[in-house]
Amino acid sequence: LDTGLTLQIRDSLRLIVPRLAKLEQVVRKQSRRYRSTAMAGRSEGQIGSPITFGYKLAVIDSEITDHIVRLSQASERLMWLT
C-alpha cells in the first residue's frame, strides 16, 4: 500500500511541478505588465493602502516559487526510489 501511494505521489509531482513552472512564468510576465496599475489594497477584508496590481501578482509569483522549491525538496527526500 505504501509503495503504491509513493508511486502515485511521484506521478503527481511529475505533472504538477512543470505546470506550476508555466504558471509562474505567466504570473511573472503579467506582474511586469501591470506594475503601474493602481488598485485598492486589502487588510482583513477592508480597503487598505493603495498598491499596484503588479505588486499583488509579484507576491503571488513569490508564493508559487516557494511551492515549487518545497515540492522539489519533498521529491528529493521522499522519492529516492525513482
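Trainee: What share of the contacts in the protein with a separation of 6 or more comes from residues 24 or more positions apart?

Mentor: The share is 54%. Keep in mind that this is a predicted model. Every value here is computed from that model.

Trainee: How many helices and strands does the protein have?

Mentor: Start with the count, then read the order. The protein has two helices and two strands. Along the sequence they follow the pattern α-β-β-α.

Trainee: What percentage of the residues count as buried?

Mentor: Of the 82 residues, 17% count as buried. The accessible surface comes to about 6500 Å². Carbon and sulfur atoms account for 56% of that surface.

Trainee: Which residues make up the largest nonpolar core?

Mentor: Look for buried nonpolar side chains that join up. The largest such core here has five residues: Leu20, Val27, Leu57, Ile64 and Ile68. The largest share, three residues, comes from α2.

Trainee: Which residues is Leu20 in contact with, leaving aside neighbours within four places in sequence?

Mentor: Leu20 is in contact with Ile64, Ile68 and Leu71. Two of those names, Ile64 and Ile68, are also on the core list.

Trainee: Now to charge. How many salt bridges does the structure hold?

Mentor: First the general idea. Side chains of opposite charge can pair when their charged atoms come close. This structure holds three salt bridges. One of them joins Asp11 and Arg10, at 3.2 Å from N to O. Asp11 has 38% relative accessibility, so it counts as partly exposed.

Trainee: Which residues are linked in a network of salt bridges?

Mentor: The network links Glu24, Arg28 and Asp61. Take it one pair at a time. Arg28 and Glu24 meet at 3.1 Å, N to O. They are four residues apart in helix α1 (residues 2-33), so about one helical turn separates them. Asp61 and Arg28 meet at 3.0 Å, N to O. Asp61 lies in helix α2 (residues 53-78) and Arg28 in helix α1, so this pair ties together parts that are 33 residues apart in sequence.

Trainee: Is Asp61 buried or exposed?

Mentor: Read the relative accessible area; under 20% means buried. Asp61 has 9%, so it is buried. Glu24 is buried as well, at 14%. Arg28 has 30% relative accessibility, so it counts as partly exposed.

Trainee: Let us turn to the strands. How many bridges join β1 to β2?

Mentor: Check two things: the bridge count and the direction. Six bridges join strand β1 (residues 38-43) to β2, and the two strands run antiparallel. Now find the partners. Gly41 has Gly48 as its bridge partner in β2. Ser43 has Gln46 as its partner there.

Trainee: How many residues lie between the strands of the hairpin?

Mentor: Two residues lie between β1 and β2. In this hairpin, Glu44 takes a positive phi near 55°.

Trainee: How many residues of β2 are buried?

Mentor: The count is zero among its seven residues. Strand β2 covers residues 46-52 and is hardly covered.

Trainee: Which residues does Met39 touch, not counting those up to four places away in sequence?

Mentor: Met39 is in strand β1. Met39 touches Pro50, Ile51, Thr52, Phe53 and Lys56. Met39 has 24% relative accessibility, so it counts as partly exposed.

Trainee: How many residues apart are Met39 and Ser49 along the chain?

Mentor: They are ten residues apart along the chain. Their C-alpha atoms are separated by 9.1 Å.

Conventions
Residues are numbered from 1 along each chain as its sequence is written. This is a predicted model: local features need pLDDT of at least 70, side-chain atom pairs count only at pLDDT 80 or more; totals for chains, interfaces and linings use all residues. Side-chain values use heavy atoms; hydrogens and water are left out. Buried means under 20% relative accessible area, exposed over 50%, partly exposed in between (1.4 Å probe, protein chains only). Two strands pair if DSSP finds at least two bridges between them. A salt bridge is a side-chain nitrogen of Lys or Arg within 4 Å of a carboxyl oxygen of Asp or Glu. A nonpolar core is a set of buried Ala, Val, Leu, Ile, Met, Phe, Trp, Tyr and Cys residues joined through side-chain atoms within 4.5 Å. Contact means heavy atoms within 4.5 Å. Accessible areas come from the Shrake-Rupley method with a 1.4 Å probe; for residues, only the protein chains shown count as cover.
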